[in-house]
Amino acid sequence: MEERLPRRVAAVRGLTRRFGDRTVLDELDLDVHAGEFIALLGRSGSGKSTLLRALAGLDRDVEGGLEVTGTVAVAFQEPRLVPWKRVEANVALGLAAPDAAARARRALEEVELTGRAGAWPLTLSGGEAQRASLARALVREPELLLLDEPFSALDALTRITVHRLVLRLWAAHRPAVLLVTHDVDEALVLADRVLVLDGGRIAHEAAISAGRPRHRDHPELVALRA
Ligand code: ADP
Ligand code: MG
């Protein structure tokens with residue numbers, strides 16, 4: 001197998017975030033490489049969302065080094081669709097391109113939501129809303145896709161469907177993914193690398209062993225990557 005040094009899409013050096021006298025991120029270091037799938041675990045309140053917001057450029061009150069190259073897209077636990085815009089318009093939101101509508105339709109096709117393009121967000125099921133939210137992230141063709149517990153509100157079966165969808169999209173587009181989850185099994189089946197945030201830093205890191213059966217080694221996905 002060919003070994004290459006992967007390009008870095010994010011470099012975090014000594015990142016610190018304080019809220020009043022609480023230090024939530026404490027000199028945190030993290031590198032994210034192009035195309036890798038990282039799962040980020042950590043206790044509730046350990047600062048996972050704070051780190052994602054910083055990476056997404058949504059938090060200006062961080063201290064330290066934060067270098068992100070390329071487009072970043074975020075999907076949150078609650079899909080946060082704009083209720084007075086139809087699904088397709090939600091996906092196209094913020095796209096300046098003249099072909100925004102066509103790109104939105106393509107993204108909806110990829111998440112298998114073509115039939116719901118004209119629907120109002122409030123009429124979607126949880127899984128559909130989450131897929132619409134993924135389409136909205138994907139349409140921007142991000143190099144770094146930040147997923148903040150996007151599956152935790154879904155029932156177990158829908159979650160598996162959406163997992164497979166995320167892996168298919170990852171295999172087809174190869175963004176780097178940083179997925180926050182509290183589900184260790186989810187982390188192990190999806191990711192290349194599992195990180196644990198504790199005490200304001202990446203306290204533990206584990207590479208997933210090659211022999212472990214994973215969703216992502218499903219033949220359909222391997223074929224896509226080839
Ligand atoms: P996680 O996503 O790991 O559950 P968060 O990043 O949401 O944790 O929060 C980490 C800590 O920072 C929590 O104690 C939370 O209360 C605090 N925090 C997050 N955002 C704010 C804010 N805007 N103001 C004050 N405290 C905050
Ligand atoms: Mg959180």
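Which residue takes a positive phi in the hairpin of β8 and β9? Gly 199 does, with a phi near 65°. That hairpin has two residues between the strands.

## The model

This is a predicted model, in which local features need pLDDT of at least 70 and side-chain atom pairs count only at pLDDT 80 or more, while totals for chains, interfaces and linings use all residues. Residues are numbered from 1 along each chain as its sequence is written, and chains are lettered from A and ligands numbered from 1 in the order in which they are written.

Of its 226 residues, 37% count as buried. A residue is buried if 20 or more other C-beta atoms lie within 10 Å of its own, exposed if 12 or fewer, and partly exposed in between, with C-beta atoms placed from the backbone. Take contacts between residues at least 6 apart in sequence: 72% of them join residues at least 24 apart. Contact means C-beta atoms, placed from the backbone, within 7 Å.

## Strands

One open sheet has three strands in the order β2-β1-β4, with antiparallel pairing (strands pair if DSSP finds at least two bridges between them). β2 (22-33) and β4 (63-68) stand at the edges with a single partner strand each, so one side of each has no neighbour in the sheet. Neighbouring strands are turned by 15° against each other on average, direction ignored. The angles are taken between axes, which are lines fitted to C-alpha atoms, for helices over the stretch in contact; they run from 0 to 180 degrees between N-to-C directions. Eight bridges link β1 (residues 8-19) to β2. Ala 11 has Asp 31 of β2 as its bridge partner.

Elsewhere, β3 (residues 37-41) and β8 (residues 193-198) run parallel, joined by four bridges. Leu 40 stands opposite Leu 195 in β8. β8 also pairs with β9 (residues 201-207), in the antiparallel sense, over six bridges. There, Asp 198 stands opposite Arg 201.

Six of the eight residues of α1 (residues 48-55) are buried, so the helix is largely enclosed by the rest of the structure. Lys 48 and Thr 50 are among them. After α1 comes Gly 57, with a positive phi near 80°.

## Helix α4

In α4 (residues 126-138), 11 of the 13 residues are buried, so this helix too is largely enclosed. Its buried residues pack against β5 (72-75), α2 (87-92), α3 (100-110), β6 (144-148) and α5 (156-173).

Most residues other than glycine have a negative phi. Glu 112 has a positive one, about 60°. Glu 112 sits in the loop between α3 and α4. Glu 149 has a positive phi of about 45° and lies in the loop between β6 and α5.

Are these two residues buried or partly exposed? Glu 112 is partly exposed, because it has 14 other C-beta atoms within 10 Å. Glu 149 has 20, so it is buried.

How values were computed: Two residues are in contact if their C-beta atoms, placed from the backbone, lie within 7 Å.
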